[in-house]
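My notes follow, in the order I looked things up.

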Amino acid sequence: MNKQFDFKLDRFYNSNHLWMKKGDNGHVTVGMDELGLDSLGEMAYLTLPAVGTPVEMGKAMGSMEAAKMTGELFAPISGIVVEKNDAVLQNPLLVNEDSYDTGWLVKIEPANWTEESAAMVSGDALSGWIDAEIERFEIQGIIE
Amino acid sequence: MNTWRYIKNDRVTAFAGLAADEILANRVGAGTSQPTLRLYTYQPCALVGRFQTIENELNLDYCAKNKIPVNRRPTGGGAIIMGENQLGVALAIPGKSDETYANARERMAQFSQGIISGMATLGIDVEFRRKNDLEVKGKKIAGLGLHKTNTGGLLFHASLLVDLDVPYMLNVLQTPFEKISDKEIDTVAERTTTVQREVESPLAMDEIRHIILNGYKNAFHSNILLNDYSDEEIVEIHQLEKDKYMDSDWIFQSTEVPDSTGKSVIKTDGGLLDIRIVLAGKMIKSAYIGGDFFTSEHAIADLEQSLRWHSSRDKLLTETLSQVYERWSSDLANLSMESLRKAITSAIQKAEIMARKTSSDPYGCFVSPRGAHA
């Protein structure tokens, strides 16, 4: 492995390399993890759902243009968007520079958090999953 | 050895060409179609990138008057003209693990290898240039784009300049030039090249297509066999044409962060420096560097390319300019980096002021009716 990737241990992750963190008010903050961002390159443009938009796990909720490709952003959970980060719309590079803090994307009021979060990776399972994902990305040539 | 399908089309309409590529990538990602290389030409049209503001990129009046259709690609990058002298290259392959592109360090560079390998047989030395250009000795010969579909399919797009009518292109595209004279035409011609300019005697489009096809066969060690669309694919393509690429919501969609422009003209020791910047939020979408100072067009093209989709922050700007000046130290000797940095910063500030003015105007153009295809 040539690169080190930072993963915060206090969050949940999905296979699209989005992270989720549930706050005290029950709202789930969503962002991109470092490994996913390394495969996309620098963000150039983002669209995000408006506040009040219902989103469904696995369905498109926005889109992005990064240095290496364009594509859709898929909602990691179902629920209602309660906040979107206007700072990353103005400055998409913030997602690359501060992915776990000010570079978050949206906050969602979850509809089925208990069920949907069971399919995500967190806690003790994280370490093994990260190693496997890095290996997968390296084999596929997605990261150097 | 992998087996891919090869589809050859000519003079397709903008909506049909784009819909076919997207359906192929969707289906290849879902595993219902085989990986496909498509080499095709369009009827004359103009295509903007996924997140571009169409009225800022294309001269829509000219296009309407001359019946030139306009449309929006799913891939990123800039506005382009397509027609009988530009070869469209679309490669639809699955985005999952596949030995075809295992160990690719950069997928875009990997997917360009077919073009690079083909052009090499003509003695043309084409290089991949991050993030989305192919160049010959610093001059652009093809634009590239990559899109991941919701089924996990990957669509690699390239437009290869086989020949180029520069005055026509400058009329179709919105340019930073106040008028289009021989000087402006020469400037653009100096920063681009074409297959026909690089070879000794003209080649027919079919010859070039054959060369590119063989380039992909060699680069990917693939068996690529001529075939056509399946009946199912044709039905889906026609549906997507209607649902998306013929829909003005898709073509004319606006973005939440609108563009603003800034201009700065300053006198330097080397001559007059004329900078135009298009800004979206904190990102420089494009930069034009002109003036009457003496330098190589290659160095200027490199500067402009390096500033595309670049942060407008001063620190990052200075870092990038330093890197370009290291590459072209003698060519840029007459244009001091500090003068250039100041002019760019000034143009950015003006664009920011314009953005603030427009956003505070309730009757401005910021109504952003997000289309159904956002």
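At roughly what angle do the axes of helix H1 of chain B and helix H9 of chain B cross? I kept in mind that this is a predicted model. I found a crossing of roughly 120° between H1 (residues 14-30) and H9 (residues 231-245) of chain B, with the axes coming within 8 Å. Angles from 65 to 115 degrees would count as roughly perpendicular and those over 145 as roughly antiparallel, so H1(B) and H9(B) are oblique to each other. I also noted that H1(B) passes H9(B) in a right-handed crossing.

Next I looked up who meets whom. On the H1(B) side I listed residues including B:Phe15, B:Leu18, B:Ile23 and B:Arg27, and on the H9(B) side B:Glu233, B:Ile237, B:Leu240 and B:Lys244 are among them. The residues of this contact comprise nine nonpolar, six charged and no polar.

Then I moved to the strands of chain A. I checked strand S4 (residues 43-47) of chain A and found five of its five residues buried, so the strand is largely enclosed by the rest of the structure. S4(A) runs antiparallel to strand S6 (residues 60-66) of chain A, and four bridges join them. Opposite A:Tyr45 I found A:Glu65 in S6(A).

My last entry is on a sheet. In chain A I traced an open sheet of six strands with antiparallel pairing, in the order S1-S2-S3-S9-S8-S5. Its edge strands are S1 (12-13) and S5 (54-55) of chain A, each pairing on one side only. Within it I followed S8 (residues 79-84) and S9 (residues 106-110) of chain A, which pair over five antiparallel bridges. I noted A:Val106 in S9(A) as the bridge partner of A:Lys84.

Terms used. Residues are numbered from 1 along each chain as its sequence is written. Chains are lettered from A and ligands numbered from 1 in the order in which they are written. This is a predicted model: local features need pLDDT of at least 70, side-chain atom pairs count only at pLDDT 80 or more; totals for chains, interfaces and linings use all residues. Axes are lines fitted to C-alpha atoms, for helices over the stretch in contact, and angles run from 0 to 180 degrees between N-to-C directions. Helices (H or I, at least four residues) and strands (E, at least two) are DSSP runs, numbered from the N terminus. Angles under 35 degrees count as roughly parallel, over 145 as roughly antiparallel, 65 to 115 as roughly perpendicular and the rest as oblique. A crossing is left-handed if the near helix is turned anticlockwise from the far one by less than a right angle, and right-handed if clockwise. Two residues are in contact if their C-beta atoms, placed from the backbone, lie within 7 Å. Ala, Val, Leu, Ile, Met, Phe, Trp, Tyr, Cys and Pro count as nonpolar, Asp, Glu, Lys and Arg as charged, and the others, Gly among them, as polar. A residue is buried if 20 or more other C-beta atoms lie within 10 Å of its own, exposed if 12 or fewer, and partly exposed in between; C-beta atoms are placed from the backbone. Two strands pair if DSSP finds at least two bridges between them.
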